[in-house]
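Here are my notes for your next look at this model. They are meant to be read with the structure open beside you.

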Amino acid sequence: MFPIIDEYVSLEDWKRVEKPAKHGGNLKFEVPRVLQRATEPELVRLKQEAGLVIRLWLKALVRGFDKREATIAG
């Protein structure tokens, strides 16, 4: 991903995008998206390293995200 960014995104544009991202985001949106895009080995490792509370929390975030996505999609 970063070679593409280096080639097509100006430093000024990157700084404009990066600044708000550093201040945090909406976990209800970001966590489910990360889980959707993770590879199978990444998901296995994440679940192995996460404790029970975090695994349950992730399920709750994904379920809420899926409901919102279904509502938007109709």
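**Notes on the model**

1. Let's start with L52, which is exposed because its relative accessible area is 54%; here buried means under 20% relative accessible area, exposed over 50%, and partly exposed in between (1.4 Å probe, protein chains only). L52 belongs to helix α5, where helices (H or I, at least four residues) and strands (E, at least two) are DSSP runs, numbered from the N terminus. From L52 to G24 there are 28 residues in sequence, and their C-alpha atoms are 24 Å apart in space.

2. A word on where this comes from: the model is predicted, so local features need pLDDT of at least 70 and side-chain atom pairs count only at pLDDT 80 or more, while totals for chains, interfaces and linings use all residues. Residues are numbered from 1 along each chain as its sequence is written, and side-chain values use heavy atoms, with hydrogens and water left out.

3. How do helix α3 and helix α5 pack? Helix α3 (residues 27-37) and helix α5 (residues 52-73) meet at an angle of about 95°, and their axes are 9 Å apart. The axes are lines fitted to C-alpha atoms, for helices over the stretch in contact, and angles run from 0 to 180 degrees between N-to-C directions. The two helices, α3 and α5, are therefore roughly perpendicular to each other (under 35 degrees counts as roughly parallel, over 145 as roughly antiparallel, 65 to 115 as roughly perpendicular and the rest as oblique). On the α3 side the contact includes L27, F29, V31 and L35, and on the α5 side W57, L58, L61, V62 and F65 are among the residues involved. Contact here means heavy atoms within 4.5 Å.

4. L35 deserves a visit of its own. This residue of helix α3 counts as buried because its relative accessibility is 17%. Setting aside neighbours within four places in sequence, L35 touches L43, L46, L58 and V62. The C-alpha atom of L35 is 16 Å from that of K67, which is 32 residues away along the chain.

5. How many salt bridges does the structure hold? There are two, a salt bridge being a side-chain nitrogen of Lys or Arg within 4 Å of a carboxyl oxygen of Asp or Glu. One joins the side chains of D13 and R16 at 3.5 Å, N to O. D13 and R16 are separated by about one helical turn, because they are three residues apart in helix α2 (residues 11-22). D13 is partly exposed at 31% relative accessible area, whereas R16 counts as exposed at 57%.

6. Another salt bridge links the side chains of E49 and R45 at 2.8 Å, N to O. Both residues, E49 and R45, sit in helix α4 (residues 40-49), four residues apart, about one turn of the helix. E49 and R45 are both exposed. Also in helix α4 is P41, which is exposed with a relative accessible area of 61%. P41 and W14 lie 30 Å apart in space, C-alpha to C-alpha, and 27 residues apart in sequence.

7. Y8 counts as exposed because its relative accessibility is 63%. Together with I4 and V9, Y8 forms a nonpolar surface patch with about 340 Å² of accessible area. Patches are made of residues with over 30% relative accessible area and no salt bridge: like charges are joined within 9 Å, nonpolar side chains (Val, Leu, Ile, Met, Phe, Trp, Tyr) within 5 Å. Accessible areas come from the Shrake-Rupley method with a 1.4 Å probe, and for residues only the protein chains shown count as cover.
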